[in-house]
Amino acid sequence: MTNMIKVLLVDDQSLIRQGLAALLELEPDLEIVGEAENGDIAVKIVAKLNPDVVLMDVRMPIMDGVAATKEIKTNFPNVKVLVLTTFDDDEYVQAALQNGAMGYLLKDTPSEELAVAIRAVNKGYTQLGPGIVKKLMNQLGKNHIHQSLPPASLLELTPREKEVLQLIAIGDSNQEIAQKLYISEGTVKNHVTNILNRLDLRDRTQAAILAHPFLDYLHKSIGSVDKN
């Protein structure tokens with residue numbers, strides 16, 4: 001029997017919550033365990049119901065989605081948060097991800113794609129909607145002085161780790177990386193773990209943000225890669 005993924009819906013508009021619930025309940029492996037109209041209520045429900053994934057709106061009264069995400073990830077680190085909003089605002093995208101969200105999608109995402117994203121986030125994969133990686137890079141460029149040289153920790157990665165990081169930076173999943181490099185998903189996971197540890201990063205989203213300005217460097221430095 002398929003393990004059910006418990007989902008909490010958080011949105012200040014009841015019609016949106018009802019619509020999402022109606023669509024997602026058609027999926028045999030998704031269970032809507034609760035709804036909340038603001039972040040404060042969401043945090044309290046998470047404490048009681050321990051959902052697997054929280055679909056989190058951003059702009060809400062009392063406590064917004066960014067603050068709620070931070071509260072949830074601080075107190076319930078195993079709960080995955082997927083931000084879902086109509087606002088593809090650079091600042092909110094960055095803040096939500098920095099506070100522990102595993103992904104960010106727009107509310108006009110087709111229900112089939114949303115269901116796929118929920119399953120992926122539940123497994124620990126980052127999900128970023130179309131154009132959002134570019135927005136993150138643009139925002140990063142506004143907030144930070146552009147580095148002309150890669151950080152030392154990036155230079156110290158092995159050729160294979162650089163190759164994996166390059167594919168992470170363009171948004172590939174572990175499965176896609178495995179297929180492109182002709183290695184197993186388990187081997188990809190090991191490389192990702194090593195990359196995060198060596199770069200002192202929390203997750204692959206941070207890795208993608210760090211690596212994206214240096215894609216040309218990664219591409220040129222890979223050279224002849226040992227496929228073992």
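Reader: Before we get to the sheet, when do two strands count as paired?

Author: Here two strands pair if DSSP finds at least two bridges between them. This is a predicted model, and in it β5 and β6 are joined by two bridges. So that link just meets the cut-off, which is at least two bridges.

Reader: Then in what order do the six strands sit in the sheet?

Author: The sheet is open, and its pairing is parallel. β2 (30-36) and β6 (127-128) each have a single partner strand, so they stand at the edges. Reading across the six strands, the order is β2-β1-β3-β4-β5-β6.

Reader: Which residue of β3 is the bridge partner of V10?

Author: Strand β1 (residues 5-10) runs parallel to strand β3 (residues 53-56), and four bridges join them. V10's bridge partner in β3 is M56.

Reader: Moving along, which residue of β5 does V83 stand opposite?

Author: β4 pairs with strand β5 (residues 103-106) over four bridges, in the parallel sense. β5 goes on to β6, also running parallel, with G103 opposite Q127. As for V83, the residue opposite in β5 is Y104.

Reader: What packs on the sheet, and at what angle does helix α2 run to β2?

Author: Helix α1 (residues 14-24) lies across β1, β2, β3 and β4 (80-85), and runs at about 170° to β2. Helix α2 (residues 39-49) packs on the sheet too, touching β1, β2 and β3. The direction of α2 makes an angle with that of β2 of about 135°.

Reader: Now the helices at the other end of the numbering: are α9 and α10 roughly parallel or roughly perpendicular?

Author: The axes of helix α9 (residues 174-181) and helix α10 (residues 185-199) come within 9 Å and cross at roughly 110°. Angles of 65 to 115 degrees count in one class, so α9 and α10 are roughly perpendicular.

Reader: Who makes that contact, and how many of its residues are nonpolar?

Author: From α9 come N174, Q175, I177 and A178, and from α10 come E185, V188, K189 and V192. Two of the contact residues are polar and two are charged. The nonpolar ones number four.

Reader: And α8 against α10: how far apart are their axes?

Author: Two packed helices are described by the angle between their axes and the distance between the axes. Helix α8 (residues 159-169) and α10 pack at about 95°, which makes α8 roughly perpendicular to α10. Their axes are apart by 10 Å.

Reader: What is the make-up of that contact by class?

Author: On the α8 side are R160, E161, V164, L165 and I168. α10 brings H191, V192, N194, I195, R198 and L199. By class, that gives six nonpolar, two polar and three charged residues.

Reader: Last one: what is the volume of the largest cavity, and what lines it?

Author: The structure holds one cavity of 30 Å³ or more. The lining consists of L9, V10, D11, L20, L55, D57, L84 and K107. Five of the lining residues are nonpolar and three are charged, with no polar ones. The volume of the largest cavity is about 40 Å³.

Note on methods
Residues are numbered from 1 along each chain as its sequence is written. This is a predicted model: local features need pLDDT of at least 70, side-chain atom pairs count only at pLDDT 80 or more; totals for chains, interfaces and linings use all residues. Side-chain values use heavy atoms; hydrogens and water are left out. Axes are lines fitted to C-alpha atoms, for helices over the stretch in contact, and angles run from 0 to 180 degrees between N-to-C directions. Angles under 35 degrees count as roughly parallel, over 145 as roughly antiparallel, 65 to 115 as roughly perpendicular and the rest as oblique. Contact means heavy atoms within 4.5 Å. Ala, Val, Leu, Ile, Met, Phe, Trp, Tyr, Cys and Pro count as nonpolar, Asp, Glu, Lys and Arg as charged, and the others, Gly among them, as polar. On a 1 Å grid over the protein atoms alone, a cavity is a set of points where a 1.4 Å probe fits but cannot get out, and a pocket is an open set with protein on both sides within 12 Å along at least five of seven lines; lining residues have an atom within 4 Å of a point. Grid points are joined across faces, edges and corners, and a volume is the space filled by probe spheres set on the points.
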